Every structure is written in C-alpha cells, then in structure tokens.
Amino acid sequence: MPPREEGVEDFRPTAAEVETLSHWIKFDAFGADLKNPDPGRVTVRRLNRIEYRNTISDLMGIDFNSEVEFPADDSGNGFDNNGDVLTISPLLMEKYLAAAEKVVETAVPRVAREIRERSASGKDFKGPDGNGDRLSVTKPAKVSRSFSVEEADKYRVTVELEVRGSFDFDAGHCKLVCRVDGTEMFAEDVVWSERKTLKHELELDWKAGNHTVTFEVVPLEPNAGNTDAGGSLGKQSTFVVARVASVQVRGPLSPEHWAVPKNHARFFPDGPAPEDPAKRDAYAAKVLRTFATKAFRRPVDDAHVKQLVAVARQVYTHGGKTFEEGIGRAMMAVLASPRFLFRVEEPEAKFAKEAIAPVDEYALASRLSYFLWSTMPDAELMQLAAKGELRKELRPQVARMLKDEKAKAFTKHFTGQWLQARDVESVPINARVVLGPSAPRNRDGRIEFDGQFRRWMRAETEMYFEHVIREDRSVLELIDSDYTFLNEKLAQHYGVDGVKGENLRLVKLPPDSVRGGILTQGTVLAVTSNPTRTSPVKRGLFILENILGTPPPPAPPNVPDLEESKDRFKGREPKLSEMLAVHRENKLCSSCHERMDPLGLAMENFNALGSWRDTEAGQKIEAAGKLVTGEKFADVRELKKVIVRDRASDVYHCLTEKLMTYALGRGVEYYDMQTIDGIVANLEKDGGKMSTLLLGVIESAPFQKQRTQSTPAAAVSLVSTER
C-alpha cells in the first residue's frame, strides 16, 4: 500500500469483502478443488548434513560428524531441508564416496572372531603419590593396575614407556621396574633423553581372575641433578620424567577363546558365515537385503540384492579376504547410492495412474521420521508400513514419536531456523560495548556472554518450544506467557530473582515481568541486534516475517543509511527512535518503516544481549507505538497482548506456513492456501493447540499425497544415475 497521507481517510475492506475476494482468488482464479486439493510438487530430497549424521547413527551405530566432513547445506525459504536447493556438486559426491568408505571401515567388523584387547594409559595406574602419567626419576614411586581375564590361557602384554627430559642436562637417573603379579618382568635404566620410547612384549600364562601390573621407580642417584655434565656445581634440575604410555593386554590367544567383535551381531545376526559357497551367498543376500531395506527406507528388489551379493562375493572369494570384508564393500555401495542419499517417494500402486495419489506408506514413514526426528524410520514405522497400517495408526504413532528422545531434533532444528536460535552461538555481539564496564565476568575474567552463556540462551528457546509441544499448549503461548526456562545465570541476566543452580528449568514469572514468550528471550533479542547496539529495524522485520507472516517488500535502491540522520542532531547523540523518525520522512522509506519500526521500538528496552534498560544515549526510552493496522500499545508487554488478542489469526497462518515449509521440504505455494486456511480454522476452533497444528500439517494433502506426473520421471532419473 502507498504511504498513508495526512488528512486522507484510511480505507480498508470489510471482513465480508475480504472473504468474497479471497473466495474468488482461490476457487475462480486458481481453481482450487475442495474434494481433491493439489498437494503440489516435492523435489526428490537429498539428506542434509543433520539428516545424514542422524541416519548413519541409527543405521550403523556410530557418530559420523557430517557437519565437519561435508560443506554447509544451502537454505531455501528459510530452511536447509528444502529439496530445491539440496543439490550434489562433484565435490560433495566425492565426499559421500569417502564417507561411505570411512563409515563402513569404522562400523563394520572385518572378521567373525578376534583376539580381545584391553588397554590402559598411565593415568589408569594409581599409587599413593599419583599415577603413572608422570614419574620423576628422583622420587621413589609405585603405581599399579589390575586386569581381569575370564579364561585360563596365554596372553600377550605390550608395555610402552616414554622418557622425557628438558633441554638442560640432568644427570639424575633411576631404574624402572615392571612386575606382573609380583614377579619382575624387566627393569629399565632411565636416564636423560629429550624423548625416548621403550617397548616390551610379554607372553604370559594367566589363570582366570585378576592380574596386577606394577611399575616401580627406584632412584639410583637422587642428588645427581645438583651437578652439571662437567662435574661442577649447577642449578637444581629434575626435569627427567618417565610415563607409562600404554599397557595393552591381548588374549586369550587360543582361537577357540577368541571373541565376537563389537557390532558383529548388529550386521551379522546369524553369526559367522557358513563354509559352503551356496549357503554363504544366501547368508550374504539375507544380510544385504536387511541392510539395504533399512538404508533405502523401503524394500529392495531381488535384482538389486543380486548385484550387491556379486559385489560382496568378488571380495570374499578372492585375495584372502573375509566374508565380513566383502559385505562391507557392498555396504559402501549402498551408502553411496542415490537411493540412500535421496529420499525417493513413490505413490500407492492402486492410485498410480491418477493425477494425484497418496504417497505409499514407506514414503509416509520417511516423511514422518525426517519431519519429527530428522532421521530414518525406526523398526515400528517400517513394520506398520509393510503391513499397510501406518495411515490407520497415524495419530498414535505421532504421539509416540513426539515422546521419543529423538523428537528433540525437531525442536532443535525447527526453532534453530524459524527463530534463528542456532545463530545465537555465533552472532557477533561485542559484550564489552553493549554491557559496559559493569558487565559480569567469569572467574577467569572473561565477560559472561561466552559460548556457554549463548548455549543456555539457545536451550531456553528450545526447552520453551518443547514444553508447548509436550503439554499441548496453545501456540499463542509462544508469544506471551507467564513462564520461561532459566538457570541462575540467565535469571540474573534477565533480572529474575529466586533462581539457583546451573540447570535450566521451568520458572514461573512474577505478574509484572516483561519476560514470557519468545520475543523477550535472549536468543531472539541477540540475533536481531547489531554487534554494538540494538536494531529496531531487524527486530521489527523479524516479527513481521516470523510471527505475523506479513514481510515488507525489499528496500528500494539508493535508500540513505540510518546513520546519515545523525547530522540533524548537532551536539548530542540521538536515540535510535529519533534517527528512525528522520529516516521515515523519506517517502521511499516510510511505507515499510511504518510497519517495522513500531514493533522494533517496542523492544528497545532490551539491549543487544537481552537485558533490560530504561535509557539509551542518556535519554528515556519511549516504547509506545501503534501497529499499521491501528492497534496501540504502551510497551512490549502490551504489544504481546495485542498480537495474541487481535492478530492471533496472523500468528496461526505464519506458524502453519513455516511448519509446512519445514515438513514438506519446499516453499508454500498458492495452491497450499486452501490447506493452510483449513488448519488455521481448526486452530481458532481448538484454542490454538499445538497438537492441532502438528496433526493438521501431517494429515494434510500436501504431506499425505503427491502429483504423480513428476514421480516416474524422478524415479527413472535416479535409477539410471545409480546404474
């Protein structure tokens, strides 16, 4: 709309006129179908870095740090799980191939049985005066540790010792004696060395039970450090130390006592492979079918299993390789496959020829799990999908999934992007300038707004959002409430009394508190600030884009900088509100800033780190304002109440759009408006319950269905690329 002119009556259409126009746009102009709404198109989605890491963890049982190994994912429509931007570059493909090899080598055993190993470092050897990590050559000492064995057999004990000295010569030396169960195994003369490693291998017959390894320092010339190399009197020098680098016990050594490797049962549930070649191939087919089904998140056909068995057979039948190594090579092929890296979705077979079809239950299981868990479906989801019963059990499954610990991924990654909460850990804020000389400091003298303090801020936002979900509260409590999650440090920062301890917990706020709701949390206030001061423009824009869903248009070209307004205030530092008032005098700026500035200035009492202040530039802060729609407020407390009371529908619309964008992996389009309006209507009827919102998105046509025209082409493209 053009800027409001003085003396011109503000004209707005009535509710009935808005409804008439909206109906015409949706049903006449866009041709929306109430009975069979268009679910839109979803680009075949690549797993982003978070999803890849979580999926590898569930599939392989190891933590692969994809956030370090892979380049950052692009974002589309505010989220990094948008299929349109999750492309694969040649560099990323190389990274995936290397990752597949690294993951398999780490997770999958190479043999069916192996000699058990137990290791200990110097810190594990204890004595009356310390441990084996640092033993002075001039002081008698004794340290020991016990190793427990279950079988009577031969064991190999490998001992590594290190001798370290300074650059100054030290004539002191000792004898370092190693005993096993009281019997001397060896004794080393330890003298000055800049760095020297001593290694001994012992083969021992041990009975079942505990066996003690002891190291004793016997000084030979405890006062020799008082003379230098030439025999003249020198300064005291006791820099030579010995340390137990490691003690490794391998055994029992007899093959009949060898142990099953860690994780072997995870991938080879029937134990070692049979010797018969045909039975071995059948076992390989069983193992690889199970693995590929989990990895591809849907059953694999016999032809693909045969290809994988051929890859494995080529390894375990040649060159002295084991069966496990062959299976590992085939697993590498699975982890590098487009079927693993991309979430391939297919329609229900009986509806495949129709223009719009429900996604099959395996695709639905993946949509659910990556939406709420950011990882692959678990066994229960896959079993229900295999039986064709997931849709019938949808609501109980959603309830189960939200109670699971893995649902923290949804809270973390949705709030991290919708509310920019993950940016609080890296946003540049100069705490010294913002807080001034009275800024609280840690014991080491650093200002408290460090990494840990930022993590507490982020945790407050995540725990708050999680509480609204878990307790099925109204989504409007995200805007205004009488509680938040604090620990002692955060409470002090916010000026809330009576909170002790480091753990964050639900805290009931006093009636007159300015806190409560995401807008007054340190996370949001910090990420919408500049490095040395607040930014009412950023904060107002944040509310318009992420709370009310009414973002302003992009700024026109050649707009003057806000700081240029300072020229009007000769001799004093102006408040931000004063500079913004001058800025709004420019007609190019006024239409957008009339919408943003009142919202941002209402939060001006919070500095760039979220603590309260009453003045700025030596002058009292004026937080009163008026929305562009006419609602007035005196401060941030009244602004929150105005949004909850008068703009609830806008909040419902905005949050529904954000959640659908995150759930679908694509931006919201015009054909989604019918679905969104239906969810909003249910929210208004149910008091804004979070369950109504989540189930509304999950049960919606865009989440449950797909256009079938694009699906075959996408599937063919993936298969041809893979082969």
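Is T375 buried or exposed? T375 is buried, because its relative accessible area is 1% and buried means under 20%. The model behind these views is predicted.

**Figure 1. Overview of the predicted model.** The protein has 26 helices and 21 strands. It counts 723 residues, and 49% of them are buried. Take the contacts between residues at least 6 apart in sequence: 72% of them join residues at least 24 apart. The accessible surface comes to about 35,200 Å². Carbon and sulfur atoms hold 50% of that surface.

**Figure 2. Close-up of T375 in its loop.** T375 sits in the loop between helix 10 (361-372) and helix 11 (379-387). Residues up to four places away in sequence are set aside here; beyond them, T375 touches N54, T55, D58, S369, Y370 and K406. Its relative accessible area is 1%.

**Figure 3. The largest cavity and its lining.** The structure holds 4 cavities of 30 Å³ or more. The largest has a volume of about 70 Å³. Its lining is made by N48, I50, E51, D80, N81, Y370, S374, H413, Q417, R422 and Y662. Two elements each give two or more residues to this lining: helix 2 (49-60) and helix 13 (408-418). By residue class, the lining divides into 3 nonpolar, 5 polar and 3 charged.

Figure 4. Which residues does W418 contact, leaving aside its neighbours within four places in sequence? They are F79, F465, L478, I518, F542, N546, I547, L655 and K658.

**Figure 5. Y652 in helix 22.** Y652 is found in helix 22. With a relative accessible area of 5%, Y652 is buried. Y652 and V680 are 28 residues apart along the chain, yet their C-alpha atoms are separated by 5.8 Å. Y652 also touches V680, along with V475, L476, L683, E684, G687 and G688; residues up to four places away in sequence are not counted.

**Figure 6. E477 in its loop.** E477 occupies the loop between helix 15 (451-470) and strand 15 (483-486). E477 has a relative accessible area of 16%, so this charged residue falls under the 20% cut-off and counts as buried. Leaving aside neighbours within four places in sequence, E477 is in contact with Y464, Y483 and G517.

**Figure 7. I62 beside V103.** I62 lies in the loop between helix 2 and helix 3 (66-69). I62 counts as buried, at 14% relative accessibility. How far apart in space are I62 and V103? The C-alpha to C-alpha distance is 7.9 Å, across 41 residues of sequence. I62 touches V103, and also I56, S57, T106 and A107, not counting residues up to four places away in sequence.

Figure 8. Most residues other than glycine have a negative phi. N77 is not a glycine, but has a positive phi of about 55°. R297 is not a glycine either, and has a positive phi of about 65°. N77 lies in the loop between helix 3 and helix 4 (90-107). R297 lies in the loop between helix 6 (277-296) and helix 7 (302-316). Their accessibility sets them apart: N77 is exposed, with a relative accessible area of 52%, whereas R297 is buried, with a relative accessible area of 3%.

**Figure 9. A cis peptide bond at P252.** Most peptide bonds are trans. The bond from G251 to P252 is cis, with omega near 5°. P252 is found in the loop between strand 12 (241-250) and helix 5 (264-267).

Methods:
Residues are numbered from 1 along each chain as its sequence is written. This is a predicted model: local features need pLDDT of at least 70, side-chain atom pairs count only at pLDDT 80 or more; totals for chains, interfaces and linings use all residues. Side-chain values use heavy atoms; hydrogens and water are left out. On a 1 Å grid over the protein atoms alone, a cavity is a set of points where a 1.4 Å probe fits but cannot get out, and a pocket is an open set with protein on both sides within 12 Å along at least five of seven lines; lining residues have an atom within 4 Å of a point. Grid points are joined across faces, edges and corners, and a volume is the space filled by probe spheres set on the points. Helices (H or I, at least four residues) and strands (E, at least two) are DSSP runs, numbered from the N terminus. Buried means under 20% relative accessible area, exposed over 50%, partly exposed in between (1.4 Å probe, protein chains only). Contact means heavy atoms within 4.5 Å. Accessible areas come from the Shrake-Rupley method with a 1.4 Å probe; for residues, only the protein chains shown count as cover.
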